[in-house]
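Dear colleague,

Please read them alongside the coordinates.

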Amino acid sequence: EREKIQNFGRPCCAELARPERVAPMAGTRAAAVLALLVALCAAWQVGGTASPEPLNISATRLELESGASPTLSTCEGCGKLHFLGCLSLTASGENAYLFGGISGAYLHGSRLLFVSDATKFPDGEWGAGRFFEAELLTEPVKNLTGNGVSPPGLLRPVGLQHVYTQTLRDRFGHNLGKGDWIHGDTESLVVKWPSQAFIGIEQTHLLRHYAGFSLDEPADQLDMGTPSVAGLQSPHSEHFHGLGAKLQGCKRDGGNNGAEGVTLLNGDKLFVLCEHNQPGEPDNQTIGWLADAKTATIHGTFMVQLPRTHGHSGLFYRISGLTELPGSSDLLILFHYWSKETGNMIKIGRVPLDVDARSSEADPIHISPEELLTLTGKDGYPLDNFETLVVAEVPEKKGAYVIHLLSDNNFNKEYQKTLILSLLFEDVAASHEATSPPPEEAGPAAEEKFQLSYRPVEEARGRFAGTWPLMAAAVAASAIAVAGLGRFRRSGNDAELREESGATQPILEEERL
């Protein structure tokens, strides 16, 4: 039986902000000690950046089971899929507990960015998900099919290096950490290189927009900053509009739903899919929206057909990940299903999307992805709770892509693994028109900016030389915190610190899948 996640909130500062809970002390000494404690706790939450922490990650190569075919069949006329390899990733060292729960990812060159949906601390308590940055180590593939022939420029992962992780802030500027899982269930990630990131949040049903940083900086110096939230005019606003308002309706399964898939199209439009349909709506489909990335204004509403689970009437796969197929107007959607009877099963669907489409919720556009891939336990492939996918072009062969699937181990090391499963997709279907970049992106700079093919780590720039010391901002923040001593409470859907002692409804860990 899985553990229960409970006791969300910030007991530290909630307790310290209530003087009646502190043992009596004499006169000004008591007041000074209390003020200092409150100031330090508040400074930890507001202001002051939690510096990126290094991780030591090792990789073990997993092979196919005996008799499994390295070449997979796809839909008729869709192309070919080949097994490139699978890595099982594990962390070691004092920060090892921070690694796991991968739920969203983005690949730029050899730079792999990903988010986790939680953190499990050594004492068993749960906290918010984190942001990770790593260098993807690769090697050339010289003998893909056993006949000594492989597409030129084809690379496969062999490990990760220069891995750093950091906490993320909510819209109020608070670092989300221990006890903040409800506000930090980060499930999806897309990046507009090099200075913007959109991260989907379950439980509170938000899409956070981080901007103003630079991913060209060394990973040990990166500060993601304080985000805005799609559909909110200001941090303290309670009134969502556009995409933000629609995401608030993705509250199926007790809140364990939300922006499970998000991708950026044309550099200025977001396409977002809910994991399951909205409450009361049909189980065999889910809802999504095409919206302006800056204003959250919705341009189109879509209904996506969910695949049926074979042999299980009335049960359907869920949305697990979403990405754009480089150089086309097509999307790849990752579907996942798990039960004790079936184990893990996945599908990858492909669907063209018109970025200029217009539709309303009353008359949505219905799309049925073409199934490129189905994998079950019977196929002999390493399978787990695959939560996200990223795609890279093979630079020297048109129509060839490497698809990487990453899994969420739910911090359940006894039964689950963190995997990177890599497949070569050779597309022989009719090619679609490449999506043109917006006018301001044209030219050589745009080619560099939107280059998605990855390279061996030896060619990567030396971005990780040295680690800057931790910067202490607690002193300045403490003065502000002491001045504002009183009811220490945050409001809003994004992060709320309650003085009340009411318990949060426990959530089974397996429900986080």
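Strands β19 and β20 form a hairpin with five residues between them, and in that turn Gly-327 takes a positive phi of about 75°; please keep in mind throughout that this is a predicted model. The two strands, β19 covering residues 318-324 and β20 covering residues 330-339, run antiparallel and are joined by six bridges. Within this pairing, Ile-319 stands opposite Phe-335 of β20. Strand β19 is also mostly covered, since six of its seven residues are buried.

As background, most residues other than glycine have a negative phi, and most peptide bonds are trans. Against that, the peptide bond joining Trp-193 and Pro-194 is cis, with omega at about 0°, and Pro-194 is found in the loop between β11 (186-192) and β12 (196-201).

Two residues other than glycine have a positive phi: His-205, at about 60°, and Phe-411, near 55°. His-205 belongs to the loop between β12 and β13 (206-211), whereas Phe-411 lies in the loop that connects β25 (400-407) with β26 (418-427). Are these two side by side with solvent, so to speak, buried or exposed? His-205 has a relative accessible area of 4% and is therefore buried, the cut-off being under 20%; Phe-411, at 9% relative accessibility, counts as buried because it falls under that cut-off too.

Best regards

How values were computed
Residues are numbered from 1 along each chain as its sequence is written. This is a predicted model: local features need pLDDT of at least 70, side-chain atom pairs count only at pLDDT 80 or more; totals for chains, interfaces and linings use all residues. Side-chain values use heavy atoms; hydrogens and water are left out. Buried means under 20% relative accessible area, exposed over 50%, partly exposed in between (1.4 Å probe, protein chains only). Helices (H or I, at least four residues) and strands (E, at least two) are DSSP runs, numbered from the N terminus. Two strands pair if DSSP finds at least two bridges between them.
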